[in-house]
Amino acid sequence: QVQLVESGGGLVQAGGSLRVSCAASGIIFSFHVMGWYRQAPGKEREMVARITPGASTIYADSVKGRFTISRDNGKSTIYLQMNDLKPDDTAVYYCNAVHMKNPHDPNLGSWGQGTQVTVST
């Protein structure tokens, strides 16, 4: 059974930093493209960052230069370091794992339960 457990969300002031983590189990972690997505109230879920098994990364334009995704294959965990946070970054952040054979549709993979990130002015 696949489990993705996010942690590290919380409340932070604008300009601050936060790191969220996602621990995976029930999958061969090194075969999966991992990603962070977010959903703000009244908006659709959007991709924030993704990382391949080989550690290639892609970011949404809105977070480039501020957020960094990384993975630790030994711990089956990914991280999202978020710096210079803005109120528009407020959302529920979801972890996603999709097998590298079908990496283009995250809905073919598994989702975590989400962690709330709130950025105050």
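Guide: Met100, at 41% relative accessibility, counts as partly exposed, a class lying between buried (under 20% relative accessible area) and exposed (over 50%), with a 1.4 Å probe and protein chains only. The model is predicted, so local features need pLDDT of at least 70 and side-chain atom pairs count only at pLDDT 80 or more, while totals for chains, interfaces and linings use all residues. Residues are numbered from 1 along each chain as its sequence is written, and side-chain values use heavy atoms, leaving out hydrogens and water.

Met100 sits in the loop that runs between strand E9 (91–99) and strand E10 (110–111); strands are DSSP runs of at least two residues, numbered from the N terminus. Together with Ile28 and Phe31, Met100 makes a nonpolar surface patch of about 270 Å². Such a patch joins nonpolar side chains within 5 Å, from residues with over 30% relative accessible area and no salt bridge (a Lys or Arg side-chain nitrogen within 4 Å of an Asp or Glu carboxyl oxygen); the areas come from the Shrake-Rupley method.

Strand E9 itself is largely enclosed by the rest of the structure, because seven of its nine residues are buried.

His32 belongs to strand E4 and is buried, at 9% relative accessibility. A polar atom of the His32 side chain lies 2.9 Å from the backbone oxygen of Ile28, a residue that also belongs to the Met100 patch. Leaving aside residues up to four places away in sequence, His32 touches Ala97, Val98, His99 and Met100, and also Ile27, Ile51, Pro53 and Arg71; contact means heavy atoms within 4.5 Å.

Strand E4 (residues 32–39) is antiparallel to strand E5 (residues 46–51) over five bridges, with Met34 set against Ile51. Six residues separate the two strands of this hairpin, and Gly42 takes a positive phi near 75° in it. E5 then runs antiparallel to strand E6 (residues 57–59), joined by three bridges; here Ile51 has Thr57 as its bridge partner. The hairpin of E5 and E6 has five residues between its strands, and Ala55 takes a positive phi near 75°.

On the E11 side, Gln116 stands opposite Val92. Gln116 lies in strand E11 (residues 115–120) and is partly exposed, with a relative accessible area of 40%. Its side chain reaches the backbone oxygen of Ala91 at 3.4 Å and makes a 3.3 Å polar contact with the side chain of Thr118. A polar contact is a donor–acceptor pair of N or O atoms within 3.5 Å; residues adjacent in sequence count only if both atoms are side-chain atoms. Beyond four places in sequence, Gln116 touches Thr90, Ala91 and Val92, as well as Gly9 and Gly10. The C-alpha atoms of Gln116 and Glu6 are separated by 9.7 Å, although the two residues are 110 residues apart along the chain.

Key
Patches are made of residues with over 30% relative accessible area and no salt bridge: like charges are joined within 9 Å, nonpolar side chains (Val, Leu, Ile, Met, Phe, Trp, Tyr) within 5 Å. Accessible areas come from the Shrake-Rupley method with a 1.4 Å probe; for residues, only the protein chains shown count as cover. Helices (H or I, at least four residues) and strands (E, at least two) are DSSP runs, numbered from the N terminus. Two strands pair if DSSP finds at least two bridges between them.
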